Amino acid sequence: MEPASPSACVSQDRFICIYPAYLNNKKTIAEGRRIPISKAVENPTATEIQDVCSAVGLNVFLEKNKMYSREWNRDVQYRGRVRVQLKQEDGSLCLVQFPSRKSVMLYAAEMIPKLKTRTQKTGGGDQSLQQGEGSKKGKGKKKK
């Protein structure tokens with residue numbers, strides 16, 4: 001939180017909130033998902049969202065102990081909320097490629113799987129992904 005405060009002369013209550021549930025492909029829309037499942041990520045964390053947003057140059061800060069109201073699970077991994085500055089004090093956009101909160105959510109969901117922490121966890125994930133794609137094709141042939 002503190003590193004963002006000095007550079008943020010804008011009032012932080014105008015920052016948009018992004019909860020991990022918005023990007024989670026394990027959730028239904030009723031449970032709080034806000035983007036299509038095809039673009040959503042498996043169990044994103046607030047820290048991951050913060051990492052990808054700050055890497056692209058957005059002014060962000062993490063609120064670790066905030067909980068999404070529709071999240072019934074109180075585990076630490078489901079906690080957290082990311083605040084992102086979309087607009088300057090005068091109302092102009094901070095970054096032109098992010099005109100709306102949805103554009104930020106879609107970008108974060110696209111970039112989280114590319115994070116080093118995600119790619120390392122899967123180990124030989126690339127091979128298993130290719131095999132997975134092959135088996136999907138096989139299933140398609142069987143249906144015919």
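**Aromatic contacts around tyrosine 22**

Tyr19, Tyr22 and Tyr68 are linked into a cluster by ring pairs. The model is predicted, and five aromatic pairs are found in the structure. In one of them, tyrosine 19 and tyrosine 22 are arranged edge-to-face, with 5.6 Å centre to centre and 75° between the planes. Tyrosine 19 and tyrosine 22 are both buried. Tyrosine 22 also pairs with tyrosine 68, again edge-to-face, at 5.5 Å centre to centre and 90° between the planes. Tyrosine 22 is located in the loop between β1 (16-18) and α2 (46-55), and tyrosine 68 in the loop between β2 (59-63) and β3 (81-85), so this pair ties together parts that are 46 residues apart in sequence.

With buried defined as under 20% relative accessible area, tyrosine 22 is assigned to that class because its relative accessibility is 6%. Tyrosine 68 is likewise counted as buried because its relative accessibility is 6%. A charged side chain is also placed at the ring of tyrosine 22: arginine 34 lies over its face, at 4.0 Å from the ring centre.

The loop between β2 and β3 also holds lysine 66. This residue counts as partly exposed because its relative accessibility is 38%. Lysine 66 and arginine 79 are 13 residues apart along the chain, and their C-alpha atoms are separated by 6.1 Å. When residues up to four places away in sequence are not counted, lysine 66 touches Arg79, Gly80 and Arg81.

Key: Residues are numbered from 1 along each chain as its sequence is written. This is a predicted model: local features need pLDDT of at least 70, side-chain atom pairs count only at pLDDT 80 or more; totals for chains, interfaces and linings use all residues. Side-chain values use heavy atoms; hydrogens and water are left out. Rings of Phe, Tyr and Trp (its six-membered ring) pair if their centres lie within 6.5 Å; planes under 30 degrees apart count as stacked, over 60 as edge-to-face and the rest as tilted. Buried means under 20% relative accessible area, exposed over 50%, partly exposed in between (1.4 Å probe, protein chains only). Helices (H or I, at least four residues) and strands (E, at least two) are DSSP runs, numbered from the N terminus. A charge sits over a ring if NZ of Lys or CZ of Arg is within 6 Å of the ring centre and within 35 degrees of the ring normal. Contact means heavy atoms within 4.5 Å.
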